Amino acid sequence: MNSAHPTPTPEEFRAEARHWLSAVADRRALEGQRWGSGDDSVAVFENWTEDEERDRTERIRAWERTRYDQGWGALGWPEEYGGRGLPASYEQLYRAEEAAFDVPRRTEVFPVTQQLVAPAIRIWGTEEQQRRWLRPMLRTDELACQLFSETEAGSDLAAVRTRAVHAADGGGWVLSGHKVWTSGARVATWGVAVCRTDPDASKHAGITVFLVRMDAPGVTIRPIRQMTGGASFNEVYLDDVRVPDTDRLGPVGQGWRVTLTVLAAERLDSGTLGLDNADRALGLARNLPRPLTGGEQQQAGDLFVRTLVQRLIGLRVTAALVAGREPGAEASVGKLCATATMRATTDLTQQLLGPRLAADTGEWGTFAWTEHLLGAPGYGIAGGSDEIQRNILAERVLGLPREPKYPEEGPR
């Protein structure tokens with residue numbers, strides 16, 4: 001912030017946020033008062049129909065616009081983008097206060113838009129692109145999804161096969177390919193597509209990134225049905241989709257660097273994954289209508305400690321950002337902690353509920369946990385698999401050599 005608007009202390013900021021939230025939202029009931037009533041969903045991935053997803057998206061969007069318009073959105077962004085220029089840690093301070101109020105919970109497309117795509121446009125976009133996209137994305141007038149993963153590429157994003165070639169008439173680019181596991185594709189207005197523009201270059205050098213209108217001719221979205229019954233992911237087919245060169249993000253052939261910007265932000269955001277459900281599982285332990293066994297007490301204590309450690313790692317990530325340093329090990333450790341917390345949450349709820357988890361009897365807070373049980377393993381892959389995170393730590397922190405991919409290769 002500039003000298004005319006000095007940065008408030010964390011205590012002052014939290015008090016200011018609490019006062020504003022009290023004026024625009026109702027406070028959540030205390031744990032003991034609300035246990036056993038209300039929504040008992042603990043789904044890791046939403047299980048909505050398209051109509052339900054659109055309805056929830058509009059409700060969340062209305063709240064995000066209120067925040068932005070009243071100076072509580074884009075807190076770390078400069079004033080020219082509608083922000084307040086506060087340190088990065090103040091976003092977490094705000095979220096801690098907001099958690100006590102009954103406001104819509106953001107679905108994945110919102111942090112993807114505001115925390116992944118918008119910062120990438122700020123770094124790599126032209127002045128025209130920044131003027132065109134940043135404020136609308138921070139206010140959520142425009143929403144963006146990631147057109148990254150492909151079935152053939154697996155965890156090796158640089159192995160993408162979606163092609164982008166210059167249009168024969170000179171009118172921009174033509175994109176053709178197939179993307180998968182795209183969250184929010186049905187409600188997003190833009191997709192950030194990682195494409196191969198030079199098949200003869202080394203795989204990291206022949207990549208370019210584009211922003212694609214999700215309603216453009218040639219874009220087909222097909223939901224992927226999950227074993228929980230819902231469809232929060234989608235396949236996206238790009239069949240000769242025309243994209244103007246003004247919608248290219250970053251230099252031609254330098255898309256891998258653009259992609260890494262988005263991936264780094266994704267892993268920073270993943271450190272808070274699963275904490276809500278972990279807190280709910282600990283609430284289940286406190287409200288169980290029988291005494292906990294010694295083993296259950298130990299499991300609950302272990303989960304409680306895991307949530308504290310995960311939150312502390314999140315603070316370390318924030319501290320690195322405030323210091324102007326790009327977090328490396330902290331982000332990977334945070335992602336590993338998040339997936340471990342999810343597994344520990346599953347283990348505790350299975351132990352506490354026993355057979356009540358297996359049949360939908362209508363009892364509050366029992367069968368609903370199957371959505372967590374079936375969804376949580378997916379985060380061992382999403383946002384960079386656990387194996388990828390361990391490789392990052394082994395190579396960049398411990399200094400271990402890369403294992404050869406094929407027997408004839410030597411160590412690198």
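Student: Is aspartate 279 buried, exposed or partly exposed?

Tutor: Keep in mind that this is a predicted model, where local features need pLDDT of at least 70, side-chain atom pairs count only at pLDDT 80 or more, and totals for chains, interfaces and linings use all residues. Residues are numbered from 1 along each chain as its sequence is written, and side-chain values use heavy atoms, leaving out hydrogens and water. Buried means under 20% relative accessible area and exposed means over 50%, with partly exposed in between (1.4 Å probe, protein chains only). Aspartate 279 has 29% relative accessibility, so this residue counts as partly exposed.

Student: Which residue meets aspartate 279 in a salt bridge?

Tutor: A salt bridge here is a side-chain nitrogen of Lys or Arg within 4 Å of a carboxyl oxygen of Asp or Glu. For aspartate 279 the N to O distance is 2.9 Å, and the partner is arginine 311.

Student: Where do arginine 311 and aspartate 279 lie, and how many residues apart are they?

Tutor: Helices (H or I, at least four residues) and strands (E, at least two) are DSSP runs, numbered from the N terminus. Arginine 311 lies in helix α9 (residues 294-322) and aspartate 279 in helix α8 (residues 275-287), so the pair links distant parts of the chain, 32 residues apart.

Student: How many salt bridges are there by this rule?

Tutor: Glutamate 53 and arginine 186 make one, at 2.8 Å from N to O. Counted by this rule, the salt bridges come to 27.

Student: What does the pair of glutamate 53 and arginine 186 tie together?

Tutor: Glutamate 53 is buried, at a relative accessible area of 10%, and arginine 186 is buried too, at 11%. Glutamate 53 sits in helix α3 (residues 50-69) and arginine 186 in the loop between β3 (173-179) and β4 (190-196), so the pair ties together parts that are 133 residues apart in sequence.

Student: Why do the buried residues of helix α4 line one face of the helix?

Tutor: In α4 (residues 89-98), the buried residues are Tyr90, Leu93, Tyr94, Glu97 and Glu98. The arc to look at is that of the directions from the helix axis to the C-beta atoms. Seen down the axis of α4, the buried residues line one face because they fall within an arc of 135°.

Student: And what do the buried residues of α4 pack against?

Tutor: Contact means heavy atoms within 4.5 Å. Glu98, one of the buried residues of α4, is also in a network of salt bridges with Glu64, Arg67, Glu91 and Arg95. The buried residues of α4 pack against α1 (10-24) and α3.
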